[in-house]
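I opened the model and kept notes as I went. Each entry records what I looked up and what came back.

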Amino acid sequence: MRLSILSGTANSGLAAAMAAVLSTAIKQREITRFPDGELGIVLHESVRGDDVYLVQPAGPPVNEHFVELLLLADACRRDGAARITAVMPYVAYARQDRRAGRSAVGGRLMADVLASAGVDGVVAVDVHTPAIEGFFSAPVEHLSAVPLLADRVRSGLPRDSVVVAPDLGAAKLAERYARILDLPVAFVHKRRIAATEVAVHQITGDVAGRAPLIVDDMISTGATIEAASNAVLAAGARPAITVAATHALLVGQAVEWLRGLGLRRLVVTDSVRLPVDAPLPLEVVSLDRLLAEAVERLHGAPSPGAVTTPG
Ligand code: R5P
């Protein structure tokens with residue numbers, strides 16, 4: 001099967017970098033918007049019989065980018081692609097993994113809709129709820145950026161650092177960072193009051209006199225990082241805060257709020273397109289190689305019966 005890479009508009013820079021690592025050109029397509037807001041997609045090159053990888057993180061605006069991905073998959077399926085893999089460095093709706101009252105379960109619906117559009121496999125990075133892999137009947141290649149981020153953070157990290165989980169959901173993640181960096185760990189007990197408001201009621205672990213390294217899978221509005229930072233500072237931590245997170249969605253007031261914290265470093269990946277010139281001490285670790293290696297692995301292991309030829 002020939003390898004074909006296409007990209008939506010969500011993060012074409014990352015798609016190009018990934019394709020460059022694979023020494024492959026991105027296939028041409030046209031994405032148009034009709035006057036009523038509908039999107040339309042036309043492929044300018046054939047993908048018939050190909051092993052297709054669609055690079056499209058579902059970052060903000062989430063629904064736009066998700067629909068673009070569905071249309072890309074549909075166009076490839078109708079053109080006769082042999083296999084379609086959605087490379088979604090950021091998977092949206094992963095926080096909707098169960099019913100809350102009479103709510104919808106967005107994670108499950110998203111998985112079903114991707115399958116209907118013709119997606120045969122997913123490549124994802126640090127999904128908020130790894131268990132949503134079970135929502136997909138297609139194989140999910142779940143990658144982690146933690147080793148890359150920890151490696152970047154390591155240089156210049158104060159010796160008296162402590163890894164801080166800003167909520168109990170991030171406890172395992174914090175323990176991973178702590179293991180890699182050989183640091184102690186502390187846990188912030190957070191309660192979400194509203195989408196943009198959280199409250200801290202307790203910290204477990206010793207942060208006094210230490211430099212906090214706050215880690216999370218994602219930063220959306222920044223409310224969680226802001227609350228955790230204020231809580232550890234109030235508990236006597238040194239005002240030398242580093243934050244590491246895989247997905248920097250930075251929506252709403254996030255840039256302003258994070259700026260107000262006077263962070264030392266904010267280390268994130270390029271899973272979603274980042275605001276250029278944000279007045280933040282941003283350090284960006286690219287996922288290009290991690291994703292390219294996953295594509296190489298998957299392309300080298302096509303479904304039984306298929307024939308592999310270099311793309
Ligand atoms: C929550 O469980 C996640 O791990 C993040 O802490 C959260 O989604 C971040 O959102 P925000 O930046 O809006 O607080």
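How many cavities of 30 Å³ or more does the structure hold? I found 2. A cavity here is a set of points, on a 1 Å grid over the protein atoms alone, where a 1.4 Å probe fits but cannot get out. Grid points are joined across faces, edges and corners, and a volume is the space filled by probe spheres set on the points.

Ground rules, before going further. I am reading a predicted model, where local features need pLDDT of at least 70, side-chain atom pairs count only at pLDDT 80 or more, and totals for chains, interfaces and linings use all residues. Residues are numbered from 1 along each chain as its sequence is written, and side-chain values use heavy atoms, with hydrogens and water left out.

**Entry: cavity and pocket**

I looked at the largest cavity. It holds about 70 Å³ of space. Its lining (residues with an atom within 4 Å of a point) is V91, V122, A124, V127, P130, I132, E133, F136, V140 and H142. Strands β6 (121-125) and β7 (140-143) each give at least two residues to that lining. I take helices (H or I, at least four residues) and strands (E, at least two) as DSSP runs, numbered from the N terminus.

Next, the largest pocket. A pocket is an open set of points with protein on both sides within 12 Å along at least five of seven lines. The volume came out at about 970 Å³. I counted 29 lining residues, with H128, G169, D216, D217 and M218 nearest the centre. Two or more lining residues come from each of α5, β9 (185-194), β11 (211-219) and α6 (223-234).

**Entry: nonpolar cores**

I define a core as a set of buried Ala, Val, Leu, Ile, Met, Phe, Trp, Tyr and Cys residues joined through side-chain atoms within 4.5 Å. Buried means under 20% relative accessible area, exposed over 50%, partly exposed in between (1.4 Å probe, protein chains only).

The largest nonpolar core has 41 residues, and M18, V163, Y177, L181, L213, V215 and L291 touch the most other members. Helix α5 (residues 171-181) gives the largest share of this core, 6 residues. Another core lies apart from it, with 37 residues, including L70, M110, L114 and V127.

I followed V215. Contact means heavy atoms within 4.5 Å. Beyond four places in sequence, V215 is in contact with V163, V164, A165, P166, A170, L173, A174, Y177 and A244.

**Entry: helix α8**

I checked the span of α8 (residues 288-300). The expected span is 1.5 Å times one less than the number of residues. For 13 residues that gives 18 Å, and the end C-alpha atoms are 18 Å apart, so the two agree. Its buried residues are D288, L290, L291, A292, A294, V295 and H299.

**Entry: the loop between β4 and α2**

Q56 lies in the loop between β4 (51-55) and α2 (62-78). Is Q56 buried or exposed? Q56 counts as buried because its relative accessibility is 0%. A polar side-chain atom of Q56 is 3.0 Å from the backbone nitrogen of A10. Beyond four places in sequence, Q56 is in contact with G8, T9, A10, H65, E68, L69, V87, M88 and P89.

G59 has its place in the loop between β4 and α2. It is buried, at 4% relative accessibility. G59 and R273 are 214 residues apart along the chain, yet their C-alpha atoms are separated by 7.7 Å. Leaving out neighbours within four places, G59 is in contact with H65, Y90 and V272.

P61 is found in the loop between β4 and α2. At 46% relative accessibility, P61 counts as partly exposed. The peptide bond from P60 to P61 is cis, with omega near -5°.

**Entry: backbone exceptions**

Most residues other than glycine have a negative phi, and most peptide bonds are trans. I noted two positive values of phi.

Y93 has phi near 65°. It sits in the loop between β5 (83-88) and α3 (106-116). Y93 is partly exposed, at 29%.

D277 has phi of about 60°. Its loop runs between β13 (265-269) and β14 (282-285). D277 counts as exposed because its relative accessible area is 76%.

How values were computed
Polar contact = N/O pair within 3.5 Å; in protein donor to acceptor, adjacent residues only side chain to side chain.
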